[in-house]
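Please read the points below alongside the sequence and the model. They move from the overall fold to single residues.

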Amino acid sequence: MRDAVYSAVGQLVGEGHRDTMTIPQVAERAGVNPTSIYRRWGGIEALLEEVAVSALSQGEPLPDTGTIAGDLRAWAEIIAEDIQRPQRLTYLRALAYSREGLVASCPCWDLRVGQAAAITGRARERDERVPAVRQVLDHVIAPLYHHAVFGLIGGREYAMTLVDDLLAMSR
C-alpha cells in the first residue's frame, strides 16, 4: 500500500496538484481506501512530508573521502544537484507549501542532522578540526534548500562556496 500511495502522490504532484491534493484523490489514484491513508498518515501534510523525505533521501550515498573538507564538498554537491532535479524540487516546494505554522521537527531536516553528525564524527575521529553540526546545517545545508525552494541560483558552485566559507570560519 505504501508504494502505491507514494506513487500516487508523485503522480499528483507531477501533474500540478500539489496545492490542491487531498487524501481522497491520493486514495483513488492509489486504489486504496481513504480510511487506510488517514489511519496511517493522519493527513495530507504528514503524507507529503513522508513522501518528500523518502524521495529526497533515495540513492544518496554519504561520502567518505578521508577529510572533512572533501566529505563536506562531496556531500554538498550531492545535495545541491539532487534538490535541483525537477521532481525533487517539486516535492520540496510541496512540503514547504503544506506546512502551517512552526513545527518542532522535520524529517527532512532530521535526516540531514544525522548525516552531518556522521560526517563530522568521522572527521573528529581522524583528529581533524571540525565545525559543529549546527554550523554545517546553518551555513551549508539550509542555504542550499533556501535557494532551491525559492528558485534562486544554487548548484555546485554555490555549494562549494558555502563549504569554503564554513571551513574558513572553522579555522
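1. Helices (H or I, at least four residues) and strands (E, at least two) are taken as DSSP runs and numbered from the N terminus. On that basis the elements of the protein chain run α-α-α-α-α-α-α-α-α from the N terminus on, which amounts to nine helices and zero strands.

2. A word on the basis of these values: this is a predicted model, in which local features need pLDDT of at least 70 and side-chain atom pairs count only at pLDDT 80 or more, while totals for chains, interfaces and linings use all residues. Residues are numbered from 1 along each chain as its sequence is written, and side-chain values use heavy atoms, with hydrogens and water left out.

3. The C-alpha trace of the protein chain spans about 55 × 30 × 30 Å along its principal axes. Taking contact to mean heavy atoms within 4.5 Å, 65% of the contacts between residues at least 6 apart in sequence join residues at least 24 apart.

4. Of the 171 residues in the protein chain, 42% are buried, where buried means under 20% relative accessible area, exposed over 50% and partly exposed in between (1.4 Å probe, protein chains only).

5. How many positive and negative side chains does the protein chain have? Counting Lys and Arg as positive and Asp and Glu as negative, with His and the chain ends not counted, there are 18 positive and 22 negative side chains. With each charge placed at NZ of Lys, CZ of Arg, CG of Asp or CD of Glu, the centres of the two sets lie 1 Å apart.

6. R2 lies over the face of Y6, at 4.8 Å from the ring centre; the criterion is that NZ of Lys or CZ of Arg is within 6 Å of the ring centre and within 35 degrees of the ring normal.

7. D127 deserves a look in the loop between α7 (107–125) and α8 (133–149). Most residues other than glycine have a negative phi. D127, although not a glycine, has a positive phi of about 65°, and this residue counts as exposed because its relative accessibility is 72%.

8. E100 is found in the loop between α6 (86–98) and α7, and it counts as exposed because its relative accessibility is 69%. E100 and E45 are 55 residues apart in sequence, and their C-alpha atoms are 8.9 Å apart in space.

9. R171 is found in the segment after α9 (155–169), and its relative accessibility of 71% is why it counts as exposed.
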